[in-house]
Amino acid sequence: MGRTLKRVDNTEHKCLAVFYVDNPPDEHGEFDLDSLPEHGTLVRVHHVSEEGGKLQFVAQGLTRVRIRGWLSRRGPYLAEVEYPQPPAYPRDEVKAYGMALINAIKELLPLNPLYSEELKNYLNRFSPNEPSPLTDFAAALTTASGHELQEVLDTVPMLKRMEKVLPLLRKEVEVGRLQKELSAEVNKQIGERQREFFLKEQLKLIQQELGLSKDDKSADREEFLARLEGKTLPAQAQKRIDEELNKLSILEAGSPEYAVTRNYLDWSTALPWGIHGQDKLDLGHARKVLDKHHAGMDDIKSASPSFWPSAPSRARSPAPSCCWSARPAWARPVSANPSPNRSAGRSTVSRWAACVTRRRSRAIAAPTSAPCPASWCRR
């Protein structure tokens, strides 16, 4: 190809036949000449240049060309060609198709401003009364595939060629109109979001100037400090929370680490530091609750009251707490023939037992209890 271009550039006419090739050349730069399509385009070559081992040139399309025979099947390629011309055609029908093509081009121009410059160049070079250049130019405006454009090039009769090009042009108009609508919708959404963002930022600045509100970091810090008022924290917990509050004031509000620090403070300041409830040591009421909500286990229920009176004296020690895992009374299985034997009833609930968990505490966490492994306790 390079040798062919250089040879054409040295001629007076500077004309070259260009064909659409779907398959690339082989490793030697050769391709099957017999696989070329029937028709190509005769072009005049301008401004041939080589850069980075690649040739660049400007081509001006002139007319259709068809190969009659090869004079040289190796580069530089030489061929005997002919220039097919469209046969006689019905003037009125071609004129009607020509007007339809012109109207479609006018609809396409506002959808893509780039086409306006191409249309100016076309009007300067061709006459609108020439249907063949008009049809080929309309096909060139579309984004049709190479095979579709090759079909237009192979169609020499004028009326048939227009029948192929007009649907391609109408499709291009519809695609351009849809693309314009989508772009307008996207720009509208982006514009609304930007406008809303700017208005919110302006409102924040105005409120801060008037002292009506504070920024997010200041509001979060004051909220966390307000939660800690009236609470008694261990020294280590107070130190850790103060460190996280200082970190919160330094970090950017939109950073991921800010969100992690805020979530930690939100959790730690919500804990009931130093707030204790009042124990209820009414043994009679406790026994009623046990009988109401737990089935069987009379031996455990009888032994439990001896454990509760000593709870106040062990308030400062890691005393165990009972976690009842027996099946509730309403969930006891009903037997058609209940056995009077007490041991049978006990065997029914023998797989339900009470587990004892010890309270544990950490330096910066509220007292917690280990989870009970029994399923009914979790329910």
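A residue is called buried here when its relative accessible area is under 20%, exposed when it is over 50%, and partly exposed in between, using a 1.4 Å probe and protein chains only. By that rule Arg161 is buried, with a relative accessible area of 1%.

The model is predicted: local features need pLDDT of at least 70, side-chain atom pairs count only at pLDDT 80 or more, and totals for chains, interfaces and linings use all residues. Residues are numbered from 1 along each chain as its sequence is written, and side-chain values use heavy atoms, with hydrogens and water left out.

Confidence comes next. The predictor's confidence in each residue, pLDDT, runs from 0 to 100. Its mean over the protein is 75, and 73% of the residues reach 70 or more. Over residues 326–379 pLDDT stays under 50, and for this stretch the model has 85 contacts (heavy atoms within 4.5 Å) beyond four places in sequence. Where pLDDT is low, the predicted coordinates should not be read in detail.

The structure holds 14 of them. Arg161 is bridged to Asp136, with 3.3 Å between the closest N and O atoms. Because Arg161 lies in helix H6 (residues 158–210) and Asp136 in helix H4 (residues 131–141), the pair ties together parts that are 25 residues apart in sequence. Helices (H or I, at least four residues) and strands (E, at least two) are DSSP runs, numbered from the N terminus.

Helix H4 itself is largely enclosed by the rest of the structure, because 9 of its 11 residues are buried. Among these buried residues are Leu134, Thr135, Phe137 and Ala138.

Other salt bridges lie within single helices. In helix H7, Glu223 and Arg227 are 4 residues apart, about one turn of the helix, and their side chains meet at 3.1 Å, N to O. Glu223 is partly exposed at 35% relative accessibility, and Arg227 is partly exposed at 25%. In helix H8, Glu244 and Lys247 are 3 residues apart and so separated by about one helical turn. The closest N and O atoms of this salt bridge are 3.8 Å apart. Glu244 counts as buried at 7% relative accessibility, whereas Lys247 counts as partly exposed at 32%. An α-helix has 3.6 residues a turn, so residues three or four places apart point the same way.

Helices H7 (216–228) and H8 (235–250) also form the surroundings of helix H9, whose buried residues pack against both. H9 covers residues 256–268; at 1.5 Å a residue, its 13 residues should span 18 Å, and its end C-alpha atoms are 19 Å apart, which agrees. The expected span is 1.5 Å times one less than the number of residues. Which residues of H9 are buried? They are Tyr258, Thr261, Leu265 and Ser268. These four cover an arc of only 105° around the axis, which puts them on the same side of H9; the arc is that of the directions from the helix axis to the C-beta atoms. On the other side of H9, Pro256, Val260 and Asn263 are exposed.

Rings of Phe, Tyr and Trp (its six-membered ring) pair if their centres lie within 6.5 Å; planes under 30 degrees apart count as stacked, over 60 as edge-to-face and the rest as tilted. A search of the whole structure finds 2 such pairs. One of them joins Tyr264 and Trp267 in a tilted arrangement, 6.0 Å centre to centre with 50° between the planes. Both residues lie in H9, 3 residues apart, about one turn of the helix. Tyr264 is partly exposed at 22% relative accessibility, and Trp267 is partly exposed at 43%.

A network of salt bridges links Glu38, Arg66, Arg68, Glu80 and Glu82. Thr63 is placed in strand E3 (residues 54–72) and is partly exposed at 28% relative accessibility. Not counting residues up to four places away in sequence, Thr63 touches Gly40, Thr41, Leu42, Tyr83 and Gln85. Thr63 and Gln85 are 22 residues apart in sequence, with 8.9 Å from C-alpha to C-alpha.

Technical notes. A salt bridge is a side-chain nitrogen of Lys or Arg within 4 Å of a carboxyl oxygen of Asp or Glu.
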